[in-house]
Amino acid sequence: MAQFSIKSIWERYRRKKSLAGIISDFVFLALVVSLLIPATRTVVMTEITKLALFSPRTTSDIIYIKPEDVNWSFSTTDGNVHQLAFPSQKPVLVNFWATWCPPCLAELPALQKLYDEYKDKVDFYFISDEEPGKISAFMAEKGYTIPFYVLNSRVEGRLYSRSIPATFLIAPNGRLIMSKTGAAKWNSSKVKRTINSLIK
């Protein structure tokens, strides 16, 4: 009669697998377990997403943002209300995100680097509909300095997206240059070349 003890199962498994196979199986198992635990799920999904980031593409369509596309407002945590308007003095980058969204968190480091390089040449707006205190605590914990805003009303028009992250790069004259739903590598050389071509 076969003996089905943990030891015998392990011995049979070890005979069938190479060391590399055993290691990969355990890594996969650890990954699955971490995805089942709420406390580690966001971290793991964020890191996985980072491995698959690509530079966004410029849009081939000629689209201009109209007043009705930006007829909504957002504010700083201390209540200063802002609204987008075109034409603008600078290119504008608008990013809709949330602290609970793994793809959003995956692209934030690249967006922070882009902001560090172009903060004086591009107007950045990182907009969330979460509580201001939650966003402030998150940004302080992570050490991000990108400017974030709280959404005051429903987004309508061409900047509306059913999912996040959603990021839009807009020329000073209002032409939509890049429109990306999902995480992307925003500090790529392609993005920088595109921004440089928009700077007066």
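Helix α6

A: In helix α6, residues 189-198, the buried residues are V191, T194, I195 and L198. Buried means under 20% relative accessible area, exposed over 50% and partly exposed in between, with a 1.4 Å probe and protein chains only. Those four cover an arc of only 95° around the axis, so they sit on the same side of α6. The arc is that of the directions from the helix axis to the C-beta atoms.

Q: Before going on, what kind of model is it?
A: It is a predicted model, where local features need pLDDT of at least 70, side-chain atom pairs count only at pLDDT 80 or more, and totals for chains, interfaces and linings use all residues. Residues are numbered from 1 along each chain as its sequence is written, and side-chain values use heavy atoms, with hydrogens and water left out.

Q: OK. What do the buried residues of α6 pack against?
A: They pack against α4, β6 (166-170) and β7 (176-181). The face of α6 turned away from that buried side carries R193 and S197, which are exposed.

Q: And which residues are buried in α5?
A: I135, F138 and M139 are buried in α5, residues 132-142. They too are on the same side of their helix, because they cover an arc of only 95° around the axis. Their cover includes α4 (102-118), β4 (123-128) and β5 (148-151). On the face turned away from the buried side, A140 and E141 are exposed.

Q: What follows α5?
A: G143, with a positive phi near 80°.

Q: Zoom out. How many helices and strands are there in the chain?
A: Six helices and seven strands; these are DSSP runs, H or I of at least four residues for helices and E of at least two for strands, numbered from the N terminus. Along the sequence the pattern is α-α-α-β-β-β-α-β-α-β-β-β-α. The chain has 200 residues, and buried ones make up 40% of them. Of contacts between residues at least 6 apart in sequence, 67% join residues at least 24 apart, a contact being heavy atoms within 4.5 Å.

Q: Now T167: buried or exposed?
A: T167 counts as buried, at 0% relative accessibility. It is in strand β6. Leaving out residues up to four places away in sequence, T167 touches L93, V94, N95, E107, M178, S179, K180 and W186.

Q: Which side chain makes a polar contact with the side chain of T167?
A: That of N95, at 2.7 Å. A polar contact is a pair of N or O atoms within 3.5 Å; within protein, one must be able to donate a hydrogen and the other to accept it, and residues adjacent in sequence count only if both atoms are side-chain atoms.

Q: Where is N95 found?
A: In strand β3, residues 92-96. N95 is buried, with a relative accessible area of 1%. Beyond four places in sequence, the contacts of N95 include E107, L111, Y125 and P165.
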